[in-house]
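Hi,

Here is the structure I promised to pass on. Have a look, and my notes follow below.

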Amino acid sequence: MKIFILFICLGLYSMFITGQNTQTIDSLKNSITIEKNDSLVMEAYNRLRREYYYSDQKVAHGYAIKYLEYAQKIEDSIHIGIAYYYIGNANFQLNKFSDALDNYLISSEYFQGIGAVTRLPSVYSSIGSVYQKQDEEDLALEYFNKVIELSKANDDLRRQAIGQMNAASIYGDYKNEEEKAIQLLNDAIQNIDTYMLRKPGKNNLVYKYMAQCNIANFYKKSQKYDEAKEAYELLLETIDSVSYSNLFYVAYGGLGQVDLELGDIKNALPKLEKAYSKFTEGNFQENLYDLMPDLIDAYEMEGQPDKALGIFKKYNVLKDSINGVERAKRLNNAMQQYESEKKERIIAQQELVIEKREKQRRRILYALISFGVLFIGVYIFFRKRLKYQRTIASQQVLLQEKAFKEIEQKNLLSSMNSMIEGQESERFRIAQDLHDGLGGLLSTVKAHFTAFQDCDPDQDMKGIRDKTALLIDESCIEVRRISHNMMPHSLSISGLIGTLEDMIAYLNEQGYEATLEVRNVPDLTKNKEVMIYRLVQEIFSNIKKHAQANTILLQLIGTQDEVHLMIEDDGIGFEYEYAFAKAGLGIKSINSRVEILKGDIHWDSKLREGTCVTINIPVI
């Protein structure tokens, strides 16, 4: 027993399609004749295709081809892929499955080429449906599994659920692996439920109900009648019999079939009769074909042979009709396969002719290339002889230029050596200041404190205390002098921008993702450069200590009157008012520096969202 799903889709179409809009169609046809913009004409053909899709597939197919022509004309790859997909849909509805498959495969190649992975699941699902129609279940399952995997990667739960339902039909209907099919359907229901939590709405309930109905059908097929009965009853309690009438009566009739298998004729017969009536009204022949044998058995068990005979006659007529349709489909598939192979043979012959022509062209091309190479060789030989004397003269000029460059390099090396010597001299001077100045003073202070310890407690220590205090004052003065001499050296060499670049490079070395953006920075006084440097240094220090950040962005942008400084991180953030009140994170120190520069500062920080500090400093 196969599970038929297409009737649900047909039922949904009737909900949304109320007939062609003649006024819309006339307007679109008129716009095609007067519109000059190819993109708008392309879209008009696409809309016409859509208008005819449910009423006249041949007309829809023609408009889809025109849609493709204009998409190719404007070289719009995404619309080319979509047009091939729509042509495939029209061929599918016209039972031209080989042509549909060709167009679907071309569509998938376009979408793969431009990376439109979100469109591929729909195409793969259609390819699987064609293979299923052609009784190639393994290929169909392969593409349905692709739909599941790709939709999962795209986090598209709705299409993932549809792929799982289609794969379940292969496992349950063809491979007789009902347990695998039921597991896939349960996964599909879970995905639909999650999807509807994200996007509430009733439109996707039909997929959930279909999955629940098919679970019950597979339980029935595997003769697990108690589980089937429970699944059918649960669905009938949930589903709206008006909005989902066809699906409701599939479940209703399935419950009657289960009651019949369990020997409950009294409950089975009314359900089977009601479902039979609804399927007859809707002309759902495949559902009637599945239901009628059980209705015949029920009438015979109830002692109503006349009714059983009447249904039996109708069943035979329907059976012949369905078998005739199946034979026609198989014949149609065979004809399409023959036509496809015929086209392939013609293409192969054409390719053979083209290959022969290409070989002749290549021979002629090789001959021309050989002649050209010989001509160029002779030309180069005589040209080199003419240039020989010029080369000798140019070599002499090059030797002179080389000598000049060597002199320039020597001068450059001398300048670099002088700069290095100056740096070493500066380092030596600072070290000497620390050793001879501050070091000596601190040693003397230590000696005085030792004298304090060794002296008699009753002895007058005023002179020693005064001298010690004086030495401490001198030490403080010496420290200030040395620190003033140690102004950031990179500022004097690289300037402010170079120094900031060094700081960013150092942060990157420490594992941060740090970025510097600099635009239109005006010339600043050395004092302002130092102050800006110290501001950035202190803010970076706070980030490293407290922010737990991964990325840091530093922007320095100049205007005619101001310099705008912005430092942003993705750390844990903080509450500014609380931090300011507690005097934490060095906020007060940073604010004071900005005030000295007569600038303004703005802190924007949120917990777990990072911090952004914006500082505006006047140029003058």
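**Salt bridges and a few other things**

Glu538 pairs with Arg593 in a salt bridge, with 3.1 Å between the closest N and O atoms (side-chain nitrogen of Lys or Arg within 4 Å of a carboxyl oxygen of Asp or Glu). Glu538 sits in helix H19 (residues 526-547) and Arg593 in helix H21 (residues 587-596), so the pair ties together parts 55 residues apart in sequence. Helices here are DSSP runs of H or I, at least four residues, numbered from the N terminus.

Before going on: this is a predicted model, where local features need pLDDT of at least 70 and side-chain atom pairs pLDDT 80 or more, while totals for chains, interfaces and linings use all residues. Numbering starts from 1 along each chain as its sequence is written, and side-chain values use heavy atoms, without hydrogens and water.

The count comes to 13 salt bridges. Another one joins Lys175 and Asp138 at 2.9 Å, N to O. Lys175 lies in the loop between helix H9 (157-173) and helix H10 (178-198) and Asp138 in helix H8 (residues 137-153), so this pair links parts 37 residues apart in sequence. Lys175 is partly exposed at 30% relative accessible area, whereas Asp138 is exposed at 53% (buried is under 20%, exposed over 50%, partly exposed in between; 1.4 Å probe, protein chains only).

Glu233 and Lys229 also form a salt bridge, 3.5 Å between the closest N and O atoms. They are 4 residues apart in helix H12 (residues 225-238), about one helical turn.

Finally, the disulfide count is 0 (cysteine sulfur atoms within 2.5 Å); Cys213 is buried at 2%.

Cheers

Key. Helices (H or I, at least four residues) and strands (E, at least two) are DSSP runs, numbered from the N terminus.
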